[in-house]
Amino acid sequence: MENTKLYDVCIVGAGMIGSAAARHATLESPGVQVCLIGPKEPKDIQSRKHGIFGSYYDEGRITRSLDPNPIWAELGRRSIQRYRDLEKRTGVKFYSEVGHMAVSRPDDPYMQSARQNAHSMKVNVDELDAEQLVKIFPYLSFNSSEVGILQKKGAGHVSPRGQVLAQQIAARQQGDRKSVV
C-alpha cells in the first residue's frame, strides 16, 4: 500500500464535461487533489485507426446565447463570457467569435422564442428580412418568406479539443499540480 495515491475527487471521463468538472472542482477547492480518468488524446488524430475518439471528434461546436430555451440561452451566455479568460490563463485558443445566425419563417416557434430570449437577455441581434439576408449573404440561397436573427458578438464556435486541453491545464494550475492527471 506504499505506492497508493489518494485523491480528494475522482472524475470519470476526461472529455469536455469531465475536464470542466475538474477545473471547477479546483476552483471551488484550491489545492484539491483531482484524478481525471480517461484516455489521452491520440497523437495521430487524423488516422482512422483510433475510430471516433470521445464525443468530441470534430473540431467545431457552435456556441451562442441565441437559443429558444431561456436556460440554455443564459448558460451559453455565461460560458462565452468566460472563454477569453480561460484562453488567457492557459495559453490555449479555442474560441472563435464569428457570430451566429438563425434563419427560418417568421412564425417558426424556434425563431419566436429565440428572438424573445435575445430581447429579454439584452443580447444585441440584428433582425433581417428576406431582402436583407440576400443583400448581406449573396452567396447563400434563402426562401423569400424567411427571416434571420444575426448575433454578431458573443457567438461563434469552439474547438472541443482545445477547450478540453484548456480546462485540464486550468485544473492543474488551480489544484494540486501533481494530482490532476
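Colleague: How much accessible surface does the chain have?

Modeller: It comes to about 11,300 Å² (Shrake-Rupley method, 1.4 Å probe; for residues, only the protein chains shown count as cover). Carbon and sulfur atoms hold 54% of that surface. This is a predicted model, where local features need pLDDT of at least 70, side-chain atom pairs count only at pLDDT 80 or more, and totals for chains, interfaces and linings use all residues. Residues are numbered from 1 along each chain as its sequence is written, and side-chain values use heavy atoms, leaving out hydrogens and water.

Colleague: OK, and what share of the residues is buried?

Modeller: Of the 181 residues in the chain, 42% are buried (under 20% relative accessible area, with a 1.4 Å probe and protein chains only).

Colleague: What order do the strands take in the open sheet?

Modeller: The 3 strands of that open sheet are in the order 3-8-4, and their pairing is antiparallel (a pair needs at least two DSSP bridges).

Colleague: Which ones are the edge strands?

Modeller: Strand 3 and strand 4 (95-96), since each pairs on one side only.

Colleague: And how many bridges join strand 3 to strand 8?

Modeller: There are 3, and the two strands run antiparallel, with strand 8 covering residues 156-158. If you want to find a bridge yourself, look for I62, whose partner in strand 8 is H157.

Notes. Helix = DSSP H or I, 4+ residues; strand = E, 2+ residues; numbered from the N terminus. Buried < 20%, exposed > 50% of the residue type's maximum accessible area, 1.4 Å probe, protein only.
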